[in-house]
Amino acid sequence: MFFSPRFRQGAKAAVPIWIAFVPSSVAWGMAAQAHGLKLDEVILMSAWVYSGPAQFAVLAPLAEGKSSLQVLVAGFLMNLRFLPMSTALAPYFSGVKRVPLLFASHVVSASSFIVSYLQFQKEREGVSDESGALQRIDGYGNLAFFLGVGATSFLIWVVGSGVGYGIALGFPPGFEEALKFILPGYFAGLLVVEMKGWAMPLICVASLLAAIPGALINSGWGWLVTAISVAILGWVLEQWKLRAS
Amino acid sequence: MGLMAFAVRAGPQLFFVGRKFPEAWDRLLRYLSYAFICSIISVTLFLTGARFETQVAPYRGAALAVTIIIAHKTKSAVTGMLVGMVLVLLFSWIR
């Protein structure tokens with residue numbers, strides 16, 4: 001499967017993801033070093049969790065020695081977004097045995113999902129237009145493409161984290177403040193670039209503001225509760241508006 | 001945490017084959033992620049433990065605002081982050 005034409009096609013399609021992953025993985029490695037994590041912890045977390053936002057979410061609680069339950073809940077809720085992504089990809093892997101699927105599912109990320117899903121949809125529409133009927137899905141071929149995207153991006157992410165850690169070690173004293181700004185700054189930038197509609201900016205601003213009193217009331221769970229409440233409230237409002245229109 | 005991330009990724013591949021995730025629920029999960037990220041940005045920048053950092057919060061808030069504006073104008077998160085980083089560094093030296 002590896003190095004098959006479909007795998008190479010996926011790897012080629014993943015080049016923009018690699019470029020995007022370099023700064024974010026290096027930023028994560030640098031921020032993790034600034035928060036006191038060791039190199040093996042940084043690489044292990046990048047490889048095992050492989051989710052920038054979740055790794056970011058647990059960095060501060062980990063560094064401050066917060067309860068492991070809080071770290072787990074934060075990480076779990078952040079990773080819930082993989083559920084619809086993985087569900088959307090599943091039909092394209094029909095006929096593939098469970099073991100390769102289990103291994104491949106580890107490299108499901110927002111980027112690998114978008115590139116693969118759009119490609120599978122394009123291929124399906126193209127073939128069904130020509131023949132007039134839906135084609136049989138080549139599950140193994142699609143899996144090879146997905147791995148070409150996902151596995152190579154995964155490697156870039158893990159290596160980039162280690163490189164970021166090394167770069168942060170080389171920073172002279174007095175730069176701690178800037179290093180600690182890297183990840184919040186980067187994620188704020190990412191959110192702004194992705195902003196669409198009215199619900200997302202509203203939810204972002206409301207949770208940014210509500211997190212402070214929430215954390216002051218309860219430093220462990222306050223910000224988590226306010227984030228969940230704001231997201232649900234924003235979603236309910238959006239649903240209500242959609243039904244009304 | 002890694003196990004839970006894996007379960008969320010692998011579960012649908014094993015049990016949801018041929019099923020579709022409702023779009024409304026998909027949006028709710030995305031909103032949860034955004035809300036978390038924003039809450040964490042806030043907590044990371046403005047709080048230490050259960051204490052609000054009154055002295056540095058205005059500087060960091062200004063740097064965050066500039067980061068957001070630059071990222072929005074340039075459509076580049078990295079450019080925004082770099083400008084914000086330099087600002088935070090300058091503020092910390094001036095203080």
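In the predicted model, B:Lys75 is exposed, with a relative accessibility of 52%. B:Lys75 is located in the loop that links helix 3 (57-74) and helix 4 (77-94) of chain B. Although B:Lys75 is not a glycine, its phi is positive, at about 60°. Most residues other than glycine have a negative phi. A positive phi of about 45° is also found at A:Tyr50, again not a glycine. A:Tyr50 occupies the loop between helix 3 and helix 4 of chain A. In terms of accessibility, A:Tyr50 is buried, because its relative accessible area of 2% falls under the 20% cut-off, whereas B:Lys75 counts as exposed, because its value of 52% is over 50%.

The contact between the two chains involves 74 residues of chain A and 63 residues of chain B. The size of an interface is often expressed as the accessible area lost when the parts come together. Between chain A and chain B the buried area is about 6700 Å², and carbon and sulfur atoms account for 78% of this area. Of the area that chain A buries against chain B, 11% is supplied by A:Glu177, A:Phe181 and A:Trp235, more than by any other three residues.

Polar interactions across the interface comprise 11 residue pairs in polar contact, both residues being at pLDDT 80 or more. The number of salt bridges between chain A and chain B is 2. A:Glu238 is paired with B:Arg27 in a salt bridge, with 2.7 Å between the closest N and O atoms.

Several helices of chain A each supply at least two residues to the side that touches chain B, among them helix 3 (39-49), helix 4 (52-63), helix 10 (176-194), helix 11 (199-217) and helix 12 (222-244). Helix 10 of chain A provides the largest share of this side, with 15 residues. By class, the side of chain A that touches chain B consists of 55 nonpolar, 13 polar and 6 charged residues.

The largest nonpolar core contains 95 residues. The residues with the most contacts inside this core are A:Trp28, A:Phe93, A:Phe146, A:Leu183, A:Trp223, B:Phe36 and B:Ile41. Helix 2 of chain B, residues 23-46, gives the most to the core, with 14 residues. When residues up to four places away in sequence are not counted, A:Trp28 touches A:Leu37, A:Val42, A:Met45, A:Ser46, A:Gln55, A:Phe56, A:Leu59, A:Trp157, A:Ser161 and A:Leu183.

Key
Residues are numbered from 1 along each chain as its sequence is written. Chains are lettered from A and ligands numbered from 1 in the order in which they are written. This is a predicted model: local features need pLDDT of at least 70, side-chain atom pairs count only at pLDDT 80 or more; totals for chains, interfaces and linings use all residues. Side-chain values use heavy atoms; hydrogens and water are left out. Contact means heavy atoms within 4.5 Å. Buried area is the accessible area (1.4 Å probe) that two parts lose on being put together, summed over both. A salt bridge is a side-chain nitrogen of Lys or Arg within 4 Å of a carboxyl oxygen of Asp or Glu. A polar contact is a pair of N or O atoms within 3.5 Å; within protein, one must be able to donate a hydrogen and the other to accept it, and residues adjacent in sequence count only if both atoms are side-chain atoms. Helices (H or I, at least four residues) and strands (E, at least two) are DSSP runs, numbered from the N terminus. Ala, Val, Leu, Ile, Met, Phe, Trp, Tyr, Cys and Pro count as nonpolar, Asp, Glu, Lys and Arg as charged, and the others, Gly among them, as polar. A nonpolar core is a set of buried Ala, Val, Leu, Ile, Met, Phe, Trp, Tyr and Cys residues joined through side-chain atoms within 4.5 Å. Buried means under 20% relative accessible area, exposed over 50%, partly exposed in between (1.4 Å probe, protein chains only).
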